[in-house]
Amino acid sequence: MQPAVVIEGLTKTYKSGLQALKPVDLTIGKGEIFALLGPNGAGKTTMISIICGIVVPTSGTVTADGHDIKRDYRKARQAIGLVPQELTTDAFETVMATVTLSRGLFGKAPNPAYIEQILRDLSLWDKKDAKIMTLSGGMKRRVMIAKALSHEPDILFLDEPTAGVDVELRKDMWAMVRRLRERGVTIILTTHYIEEAEEMADRVGVILKGQLILVEDKTTLMKKLGKKTLTLQLQETLTAVPPELADWKVELKNEGHELEYVFDANADDTGVPGLLRRLEATGVGFKDLSTKQSSLEDIFVDLVHQSKTEVA
Ligand SMILES: Nc1ncnc2c1ncn2[C@@H]1O[C@H](COP(=O)(O)OP(=O)(O)OP(=O)(O)O)[C@@H](O)[C@H]1O
């Protein structure tokens, strides 16, 4: 894997004394879509702000496209496009002027054909002469992406790209991110929407309280940590879990119509055969049964939970 971003021993302690990043080591490959997933305040924005040269790290090194972000700031920054969480752009300018100016700020020669291409890709072409303030929130967000892409960066950071965005625009964004990747752009996004990471990312890094607790290929993560849920539709409703089932972690669901059992699909003994035998012996009948793989959401909730008890 050819690296796009290499992070070594990166830490950040703010003046307040808050340690927002504990030593982070991470390499993100060229052309990868990497999702940095974590709850509010975990340190996601701090991390990408350091890489983009907005926040000064306390220790550690970062290279972007082979350029050290401190020693070789301009070259590193040129390789990077950043779409910040907040919309920061001049309301009175037109879309075209804003995006063109942004390219100029990076010292790149004008390239109207390229600007047209990104505006078309982002469905902004027919708004090119509109003033930013007349655009909807979703359109403004697209303008921010166009700005970030204006200087042809190889690495694009999207900080919470779909926060407060409706479902349709979210899907559009996902499609756009994939198109960018097809063109070889490395994409690093932060999100607290698990479905976003699940839908888009090749790899997922989970960050909690400044600590990168896990980095995993998305499918491996699903397999490794993925639990399965067995749902049994009962013939007769139950008001309580029968004491004979105490050896299994079962719960009643759907007002006693269903019995749910969460198990580790990779374990040698999943507990499922034993549970089914016990149900029969106990006389609890069921009409149907189904199993489903846990989503990244379930995994994440588990991780947050585990980590809270460990950190506490
Ligand atoms: N300039 C600052 N000075 C002091 N503390 C800060 C500063 N910026 C961020 N923090 C703190 O650092 C921690 C990490 O914040 P950060 O914005 O990186 O988290 P995040 O994961 O991006 O959260 P969110 O999803 O809410 O954007 C938080 O506790 C935050 O309050």
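Two bridges join strand β4, residues 59-64, to β5, and the two run antiparallel. Ala 64 has His 67 as its bridge partner in β5. Before I go on: this is a predicted model, in which local features need pLDDT of at least 70 and side-chain atom pairs count only at pLDDT 80 or more, while totals for chains, interfaces and linings use all residues. Residues are numbered from 1 along each chain as its sequence is written.

β4 and β5 belong to an open sheet of four strands, ordered β2-β1-β4-β5, with antiparallel pairing. Pairing requires that DSSP finds at least two bridges between two strands. β2 (19-29) and β5 (67-68) are at the edges with a single partner strand each, so one side of each has no neighbour in the sheet.

Now to strand β3. β3 runs parallel to strand β8, residues 186-191, and five bridges join them. Within that pairing, Ala 35 is partnered by Leu 189. Strand β9, residues 203-208, is also parallel to β3, through four bridges. There, Phe 34 stands opposite Arg 203.

Next, the cores. A nonpolar core is a set of buried Ala, Val, Leu, Ile, Met, Phe, Trp, Tyr and Cys residues joined through C-beta atoms within 7 Å. The largest has 61 residues, and those with the most contacts inside it include Ala 35, Ala 64 and Phe 157. Helix α5, residues 137-149, gives the most to this core, six residues. A second, separate core has five residues, among them Leu 230, Leu 232, Val 250 and Tyr 261.

What is Phe 157 in contact with, leaving aside neighbours within four places in sequence? Its partners are Ile 48, Cys 52, Ile 80, Gly 81, Leu 82, Val 83 and Ile 188. Contact means that the two C-beta atoms, placed from the backbone, lie within 7 Å.

On to the ligand. There are 13 residues around it, and Tyr 14, Asn 40, Lys 44, Thr 45 and Thr 46 come nearest. A residue counts as near if its C-beta atom, placed from the backbone, lies within 6 Å of the molecule. Helix α1, residues 44-51, supplies the largest share of this shell, three residues.

Finally, the whole chain. The chain has 10 helices and 14 strands. Its C-alpha trace spans about 80 × 45 × 35 Å along the principal axes. Of the 312 residues, 32% are buried. The domain assignment, which is automatic or from a database, gives domain 1 (3-223) and domain 2 (227-293). Their C-alpha centres lie 44 Å apart. Helix α9, residues 272-282, is hardly covered, with one buried residue among its 11. Gly 283 follows α9 and has a positive phi, near 80 degrees.

Technical notes
A residue is buried if 20 or more other C-beta atoms lie within 10 Å of its own, exposed if 12 or fewer, and partly exposed in between; C-beta atoms are placed from the backbone.
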